[in-house]
Amino acid sequence: MKKEIFLMSILGVLFFAPFSEVKADTTNFKIEKQDTLQAKKSLGDPTDVKADPGTFQIKPLKYGYNDLNKYIDAQTMELHYSKHYLGYTNKLNAALKDANIKSNDIIEILKKMDMKNSALRNNGGGYYNHMLYFDIMSPNPQKQPTGELKAKIDATFGSTAELLKLLDDAAAKRFGSGWAWLVVKKDGSLAVTSTANQDNPLMPGAEVAGMPILGIDVWEHAYYLKYQNKRDEYLSAFNNVLDWKQVEENYKKVK
């Protein structure tokens with residue numbers, strides 16, 4: 001009798017153990033799923049981001065914080081858009097008020113600005129630069145330029161691949177914080193350049209003056225959470241979300 005009870009106990013353990021493991025695995029899956037959903041909820045909604053009343057308002061993001069996650073993580077996107085870009089926008093409006101500038105044309109403001117006015121220089125640049133940066137990224141980007149812009153790139157740089165190498169090189173060699181740019185110069189030619197901090201090629205005294213149609217942010221807040229000090233990896237990732245359709249639209253506006 002004791003042997004039978006012992007055998008029954010062993011069989012029971014063998015029979016129910018696999019189901020216990022499945023239940024545990026299912027529970028863990030549910031917990032992980034809940035954590036993922038909670039993380040997404042904690043990011044907030046980019047459409048809720050609004051600047052304080054003023055001349056300039058933050059430009060709506062065309063995608064969600066998580067939509068570029070494979071290349072640029074959602075937390076970085078949220079902090080970059082809802083804190084940094086928003087901050088520059090609010091401070092720009094305050095700087096315009098202090099300088100008694102009534103214009104609502106940011107390009108005109110940047111071209112005519114007093115470069116000694118650090119509040120206007122930093123925040124005007126920060127507003128414009130980020131507006132361009134977020135606009136040229138997409139979760140479903142057009143991977144290559146076409147039409148007139150492609151012909152211009154090929155004639156100037158040899159190929160799009162060569163242009164991207166020059167942009168990555170300019171971005172990688174920019175010491176500290178700053179930007180790399182593709183600009184259309186006054187004579188209609190294309191050029192690659194970089195600027196420090198929140199300066200851009202529209203401002204007086206720019207080393208290479210022109211209208212930016214593509215800008216790459218190399219401030220650490222643009223990539224550090226995911227890539228730490230590996231700026232080159234961030235630059236490679238950025239090329240995967242660069243939307244040439246929007247760059248083409250920017251180019252058409254300059255002509």
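Trainee: Which residues of helix H8 are buried?
Mentor: This is a predicted model, so keep that in mind throughout. In H8, residues 231–238, the buried ones are Arg-231, Tyr-234, Leu-235, Ala-237 and Phe-238.

Trainee: Where do they sit around the axis of H8?
Mentor: They cover an arc of only 160° around the axis, so they are on the same side of H8.

Trainee: What covers them?
Mentor: The cover over the buried residues of H8 includes H4, H6, E3 and helix H7, residues 224–227.

Trainee: Back up a bit. How many helices and strands does the chain have?
Mentor: Nine helices and three strands. Reading from the N terminus, the order is α-α-α-α-α-α-β-β-β-α-α-α.

Trainee: And how much of the chain is buried?
Mentor: Of its 255 residues, 42% count as buried. Take the contacts with a separation of 6 or more: residues 24 or more positions apart account for 68% of them.

Trainee: How many residues are in the largest nonpolar core?
Mentor: It has 69 residues. Met-137 and Tyr-234 have the most contacts inside it. Helix H2, residues 74–98, gives the most to this core, with nine residues. As background, nonpolar side chains tend to be buried together in soluble globular proteins.

Trainee: What does Met-137 touch?
Mentor: Leave out residues up to four places away in sequence. Met-137 then touches Tyr-63, Leu-68, Ile-72, Met-77, Phe-238, Val-241 and Asp-243.

Trainee: New topic, helix H5. Which of its residues are buried?
Mentor: Leu-149, Ile-153 and Phe-157, in a helix that spans residues 147–157. Down the axis of H5, these buried residues fall within an arc of 35°, so they line one face of the helix.

Trainee: Why does that spacing work?
Mentor: An α-helix has 3.6 residues a turn, so residues three or four places apart point the same way.

Trainee: What's exposed on the other side of H5?
Mentor: Gly-147, Glu-148 and Ala-155.

Trainee: And what covers the buried residues of H5?
Mentor: Both helices and strands. The cover includes helix H6 (160–173), strands E1 (178–184), E2 (190–196) and E3 (211–217), and helix H9 (244–254). Look just past the end of H5 too: Gly-158 takes a positive phi of about 100° there.

Trainee: How does the pocket lining split by class?
Mentor: Ten nonpolar, two polar and three charged residues.

Trainee: How many cavities of 30 Å³ or more does the structure hold?
Mentor: One. The largest cavity holds about 60 Å³ of space.

Trainee: What lines the largest cavity?
Mentor: Lys-59, Pro-60, Leu-61, Lys-62, Tyr-63, Tyr-81, Tyr-85, Met-131, Phe-134 and Asp-135. H2 and H4 are the elements that give two or more residues to this lining. H4 gives the most, with three.

Trainee: And by class, for the cavity lining?
Mentor: Seven nonpolar, no polar and three charged.

Trainee: Two single residues before I go. Where is Asn-140?
Mentor: In the loop between H4 and H5. Asn-140 is exposed, because its relative accessible area is 67% and the cut-off for exposed is over 50%. Asn-140 and Leu-242 are 102 residues apart in sequence, yet 9.1 Å apart in space, C-alpha to C-alpha.

Trainee: And Ala-119, where is that found?
Mentor: In helix H4. Ala-119 is partly exposed, with a relative accessible area of 35%.

Trainee: What is Ala-119 in contact with?
Mentor: Ala-95 and Gly-124, leaving aside neighbours within four places in sequence. From Ala-119 to Leu-96 the C-alpha to C-alpha distance is 9.0 Å, and they are 23 residues apart in sequence.

Trainee: Great, thanks.

Key:
Residues numbered from 1 in each chain as written. Predicted model: local features only at pLDDT ≥ 70, side-chain atom pairs only at ≥ 80, totals over all residues. Heavy atoms only, no water. Core = buried A, V, L, I, M, F, W, Y, C linked by side-chain atoms within 4.5 Å. Buried < 20%, exposed > 50% of the residue type's maximum accessible area, 1.4 Å probe, protein only. Helix = DSSP H or I, 4+ residues; strand = E, 2+ residues; numbered from the N terminus. Contact = heavy atoms within 4.5 Å. Arc of directions from axis to C-beta. Nonpolar A, V, L, I, M, F, W, Y, C, P; charged D, E, K, R; others polar. 1 Å grid on protein atoms, 1.4 Å probe; cavity = no way out; pocket = protein on both sides within 12 Å on 5 of 7 lines; lining within 4 Å. Points joined across faces, edges and corners; volume = space filled by probe spheres on them.
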